[in-house]
Amino acid sequence: NGITSQDLHTRGLSVVTNTNGTMQVFARRTNDHRVVTIRQTASNGAWPASWTDLSNPNIQFGGDPSQVGTPAAVAEAGGRLWVFIKDAGGGVCGKRQNTDGTWGNWLDMGGGSDVQDGLAAMLDSGGRIHMFASTRTNVLKWRQTAQNGSIVEDGALPRLAGRAPASPPTVTRNQDGTLEAVAAAPVRHVA
């Protein structure tokens, strides 16, 4: 059961598992730079023939549509999905799934003007989303204020003096339930 599409050419994907066990894939089409998603028809099941178009935040907010990054998706504690992407202004935009499965508008999540491509997101042990993005000088953090709540900027992670991130961040959950964000240069955060 593979995913195929003649018009999908992408340099990166993000995959999440929905509460019913179906997988959902997010991508950015390179032919028109729109964010698209496709969801399995059933757990371990087939894939539909067409993708759902989530548009592009730069179409909504202005800016060059080609200047978006690779989507990063995560499921909230309640099961609704979020997708985050670097935008043309060098910040981050997010889109939240509505309770009926449709999608809301793109939201400007902030982040300044230097966010690099390659975002990472994960739930903490309390069921709140944390999202991370590298700039040329820091790794920035966003966090959900409560389970299924709003997502707010939460500053930069501590770093060693004179050391800047040399890669996109990745995030994992430690055995004790805390999250740890790691980039190529030593950057550490415990949530």
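**Exercise 1.** Work out which residues make the nonpolar surface patch of about 260 Å².

*Solution.* Leu-13, Val-15 and Met-23 make this patch (patch residues have over 30% relative accessible area and no salt bridge, and nonpolar side chains are joined within 5 Å). Keep in mind that this is a predicted model, where local features need pLDDT of at least 70 and side-chain atom pairs count only at pLDDT 80 or more. Side-chain values use heavy atoms, leaving out hydrogens and water, and residues are numbered from 1 along each chain.

Now place the members. Leu-13 and Val-15 sit on the uncovered face of strand β1 (residues 13–17), together with Thr-17, while Met-23 belongs to strand β2 (residues 23–28) (strands are DSSP runs of E, at least two residues). Met-23 is partly exposed, at 34% relative accessible area (that is, between the buried limit of under 20% and the exposed limit of over 50%, with a 1.4 Å probe).

**Exercise 2.** Find how β1 and β2 run and what joins them.

*Solution.* Start with the direction: the two strands are antiparallel, joined by 5 bridges (pairing takes at least two DSSP bridges). Next, pick a pair: Val-16, from the covered face of β1, stands opposite Gln-24 in β2. Finally, check the turn: the hairpin has 5 residues between the strands, and Gly-21 takes a positive phi near 90° there.

**Exercise 3.** Decide whether Asn-56 is buried or exposed, and find what its side chain meets.

*Solution.* Asn-56 lies in the loop between β4 (52–53) and α1 (57–61). Its relative accessible area is 0%, so Asn-56 is buried. A polar atom of its side chain lies 2.6 Å from the backbone oxygen of His-33.

Terms used:
Helix = DSSP H or I, 4+ residues; strand = E, 2+ residues; numbered from the N terminus. Polar contact = N/O pair within 3.5 Å; in protein donor to acceptor, adjacent residues only side chain to side chain. Patch = residues over 30% accessible without salt bridge, like charges linked within 9 Å, V, L, I, M, F, W, Y side chains within 5 Å. Areas by Shrake-Rupley, 256 points an atom, 1.4 Å probe, with all protein chains shown as cover. Salt bridge = Lys/Arg side-chain N within 4 Å of Asp/Glu carboxyl O.
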